[in-house]
Amino acid sequence: MYYELYVDVLFLVNFMMDYLLLLLLKKMLKCTATHGRICIGAALGSLLTCVVVVLPIPYAAIKFILFHMVVNTIMIRAGLKIKKAGMFLKAYFLLYIGSFLMGGVLQALNPYVRTGSLFFAVAVGGYYIVSKLWDFILHVQRMHQYHCKVDLYLGDRRCQVEGIIDTGNGLLDPVSHQPVSILDKNVARQFLGDETMSKVRYIPYHSIGKKEGVLLALKMDQMCIHGETECWIKEPLIGVSEETISAEGEYELILNPNLF
């Protein structure tokens, strides 16, 4: 069985796919490579792929090594200017993840591709789909990192809650300018009980849907935030929410990022 191969078409298709993959790697690794540099890497990768395909190499194992070890190495180093071994291994691993995801998107859309020109549009669309998927993965990862266990101490009482670091919480006490974290009202009721009013103060605030409001706040003895390391904060200000802060109960305390 014989196949008719157009080397110029093979080069163009591989160049486009290599360019999109290198662009995806740049996003994943946050590299500083320019688009010109990525074009050079994609062109080299596509050219070497055509050479390996055209050369009469008798053993499939040798072609496999040339494709996956030599061509990809040159393409990554030339396109992203990666020199450190650790970063290169990460880029090499992510290259195959990106290829797998891009291949999956193209395979799913393949029945709708009727012309060659449409294939290029689908490939670009596949890049944006995978790029958004990567953004979503990073968002979920960041949300996981922002979750932490928090211990609140007041007198001889201790309460452990699920906390979340919210960059949108910039509430400050107008008198002391201390950052204020927000505790769920139900947890506060169970934990505080009939605590003396000497430690209670009211803090004005505004939020989406409410231009003006007053938040009851208490000064705890101390607070311990459990992250990669323990962070102890003396006399933190804890505001009590007027309603449940998490409908699904994922967290009970909104930490103010200014605490850190």
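The model is predicted, so local features are taken only where pLDDT is at least 70 and side-chain atom pairs count only at pLDDT 80 or more, while totals for chains, interfaces and linings use all residues. Residues are numbered from 1 along each chain as its sequence is written, and side-chain values use heavy atoms, with hydrogens and water left out.

**First stop: helix α1 and its neighbours**

Select residues 7–29, which form helix α1, together with residues 60–80, which form helix α3; helices here are DSSP runs of H or I with at least four residues, strands are runs of E with at least two, and both are numbered from the N terminus. The two axes come within 11 Å and cross at roughly 60 degrees, where an axis is a line fitted to C-alpha atoms, for helices over the stretch in contact, and angles run from 0 to 180 degrees between N-to-C directions. That makes α1 oblique to α3, given that angles under 35 degrees count as roughly parallel, over 145 as roughly antiparallel, 65 to 115 as roughly perpendicular and the rest as oblique.

Now show the side chains where the helices meet: D18, L22, L25, K26 and L29 of α1 are in contact with M75, I76, G79 and L80 of α3, contact meaning heavy atoms within 4.5 Å. The residues of this contact divide into six nonpolar, one polar and two charged, with Ala, Val, Leu, Ile, Met, Phe, Trp, Tyr, Cys and Pro counted as nonpolar, Asp, Glu, Lys and Arg as charged, and the others, Gly among them, as polar.

Still in helix α1, select N14, which is buried with a relative accessible area of 18%; buried means under 20% relative accessible area, exposed over 50% and partly exposed in between, using a 1.4 Å probe and protein chains only. Leaving aside residues up to four places away in sequence, N14 touches S46 and T49.

Then move to K30, found in the loop between α1 and α2 (35–54), where phi is near 55 degrees, a positive value in a residue other than glycine. K30 counts as exposed, at 69% relative accessibility.

**Second stop: strand β1**

Select residues 147–154, strand β1, which is largely enclosed by the rest of the structure because six of its eight residues are buried. Eight bridges join β1 to strand β2 (residues 157–165), and the two run antiparallel; strands are said to pair if DSSP finds at least two bridges between them. Across this pairing, L152 stands opposite C159 in β2, and in the hairpin, which has two residues between the strands, G155 takes a positive phi near 65 degrees. Strand β1 is also joined by five bridges to strand β6 (residues 222–226), again running antiparallel, with K149 opposite H226 in β6.

Strand β3 pairs in the parallel sense with strand β8 (residues 237–240) over four bridges, and V180 stands opposite L237 in β8. Two bridges join β3 to strand β9 (residues 253–255), which run antiparallel, and here I182 stands opposite I254.

**Last stop: E235**

Finish at E235 in the loop between β7 (230–234) and β8, where phi is near 45 degrees, a positive value in a residue other than glycine. E235 is partly exposed, with a relative accessible area of 43%.
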